[in-house]
Structure formats: C-alpha cells, structure tokens
Amino acid sequence: MSYKTADQINTILQNATHIVVIQADNPDADSLASALALEHILGDMGKKITLYCGIDISGYLKYIPGSDRVVRDLPNGFDAAILVDCSSITLLEQLEKTNQIGALRTRPFIIIDHHDVENDVTINNVALVDTESVATGEVIYQLSKQLGWETSKDTASLLASSILADSLGLTVESTTARSIHT
C-alpha cells in the first residue's frame, strides 16, 4: 500500500512543533485509539502533541490508556492539526459553537480516515482516506510503515484496539487480510 499524500503529510509534520490531534464530538474507540497512537508516534519524534475532543470522553472508552489526556480546549499556539476518523465538519460542533473552527483554516490540516470524507471538511487540508481499511488505526499503521515511523509496543497496542473496535473483533465484512495482518 502506497499513499500519494504520505510525503506531503510527512513534510507538514516534520515542519510542525506543536500538533493538535482532533476527534469528532462523538468519538469511538477507533478515533480515540488512533489519536493516542499518533500522540505516541509524533511524540517519539519530539513533537508536542495536544489531543482534542469537543466533549468529555465517554466512560465506556476509559479503558483505553491515555484517554485522560484528551482536552476540551483547543490550544492557541499549534502549527498543524490532524483530524482522525471524522468524515464531516458537522461532527465538530463544539469548534463551530466556540468559533475555533477558524483556527483550523489558518494552519496545515491533515485528515486521516477510513470513511469517505464529505466536501465540507475541505479547510486547508491534505486528506489521506483509505476506504479499504477497516479502521483509521489501520490507515495510520500503513502510513507509518510507508514513512518509516517507529511503532512502539504501546502504539501497536493502540492501533490493534482501534482495528478490533471498528471491525467488531475482526468480524465485519469490511475486514480484510491486511486488517488481520496489521
């Protein structure tokens, strides 16, 4: 698997010091685990990472290590943002309500998802959408592999949680051999 936007994403991230990883206002285990995996990967590269969600993380997701690091306030001084597992800006209602969505229009904005992305997400972005993946965690793994990013044991565990959650334990029809291998 080779992603056309991988080098562009890598350049944006290499040039950024502080990166915000954003989830939709109704996160699931795929989006939370994917955000946390990116925190590990990019943190290991020396980047400052802020995990953002417009609402408190649901209690049923508290089993995922690191869920307590997600904040509800978008920081002021970030260089780039990554939106994970979110196919529409309408799913970022809290950013719209607080007029903070504008901050995303002034900085590089990366979308990583396994759903088709609606046109309303086109802010100032580079999109990596792989609808053949069963979860965003699978997309992040493939991107990491392509770019030679280190994947620690903790990161691998988070990516596995992401894939297992969205594939209902590898049982949904969209699960592929690549999903299982990942």
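Me: How many helices and strands are there in the protein?

Reply: This is a predicted model. The protein has 7 helices and 6 strands. Read from the N terminus, the order of its elements is α-β-α-β-β-β-α-α-β-β-α-α-α.

Me: How compact is the protein for its length, going by the radius of gyration?

Reply: Its radius of gyration is 15 Å, close to the 16 Å that the globule rule gives for 182 residues, so the protein is as compact as a globular protein of that length. Along the principal axes, the C-alpha atoms fill a box of roughly 40 × 35 × 30 Å.

Me: What percentage of the residues count as buried?

Reply: The cut-off for buried is a relative accessible area under 20%. Of the 182 residues, 52% count as buried. The accessible surface comes to about 8,400 Å², and carbon and sulfur atoms account for 47% of that.

Me: What share of the contacts is between residues 24 or more positions apart?

Reply: Among contacts with a separation of 6 or more, 73% are between residues 24 or more positions apart.

Me: Why do residues three or four places apart in an α-helix point the same way?

Reply: An α-helix has 3.6 residues a turn, so residues at that spacing point the same way. Helix H1 is a case to look at. H1 spans residues 6–15, and its buried residues are Ala6, Ile9, Asn10, Ile12 and Leu13. They cover an arc of only 160° around the axis, which puts them on the same side of H1.

Me: Which exposed residues are on the face of H1 turned away from its buried side?

Reply: Asp7 and Asn15 are the exposed residues carried there.

Me: What covers the buried residues of H1?

Reply: The cover includes strands S1 (18–22), S4 (80–84), S5 (109–113) and S6 (125–129). Helices H2 (29–44) and H5 (136–147) are also part of the cover.

Me: Is Ser34 buried or exposed?

Reply: Ser34 has a relative accessible area of 0%, so it is buried. Ser34 is placed in helix H2. Once neighbours within four places in sequence are left aside, Ser34 is in contact with Val84, Thr136, Gly137, Ile140 and Ser162.

Me: Where is Arg69 found?

Reply: Look in the loop between strand S2 (48–52) and strand S3 (70–71). Arg69 is partly exposed, at a relative accessible area of 38%. With neighbours within four places in sequence set aside, the contacts of Arg69 are Leu36, Glu39, His40 and Leu51. Ile57 is 12 residues from Arg69 along the chain, and their C-alpha atoms are separated by 9.9 Å.

Me: What is the phi of Leu168?

Reply: Phi of Leu168 is near 50°, a positive value in a residue other than glycine. Leu168 lies in the loop between helix H6 (153–166) and helix H7 (177–181). With 59% relative accessibility, Leu168 counts as exposed.

Me: What about the phi of Leu170?

Reply: Leu170 also has a positive phi, near 65°, in a residue other than glycine. The loop between H6 and H7 holds Leu170. Leu170 is partly exposed, with a relative accessible area of 32%.

Methods. Residues are numbered from 1 along each chain as its sequence is written. This is a predicted model: local features need pLDDT of at least 70, side-chain atom pairs count only at pLDDT 80 or more; totals for chains, interfaces and linings use all residues. Side-chain values use heavy atoms; hydrogens and water are left out. Helices (H or I, at least four residues) and strands (E, at least two) are DSSP runs, numbered from the N terminus. The radius of gyration is taken over C-alpha atoms; the globule rule is 2.2 Å times the number of residues to the power 0.38. Buried means under 20% relative accessible area, exposed over 50%, partly exposed in between (1.4 Å probe, protein chains only). Contact means heavy atoms within 4.5 Å. Accessible areas come from the Shrake-Rupley method with a 1.4 Å probe; for residues, only the protein chains shown count as cover. The arc is that of the directions from the helix axis to the C-beta atoms.
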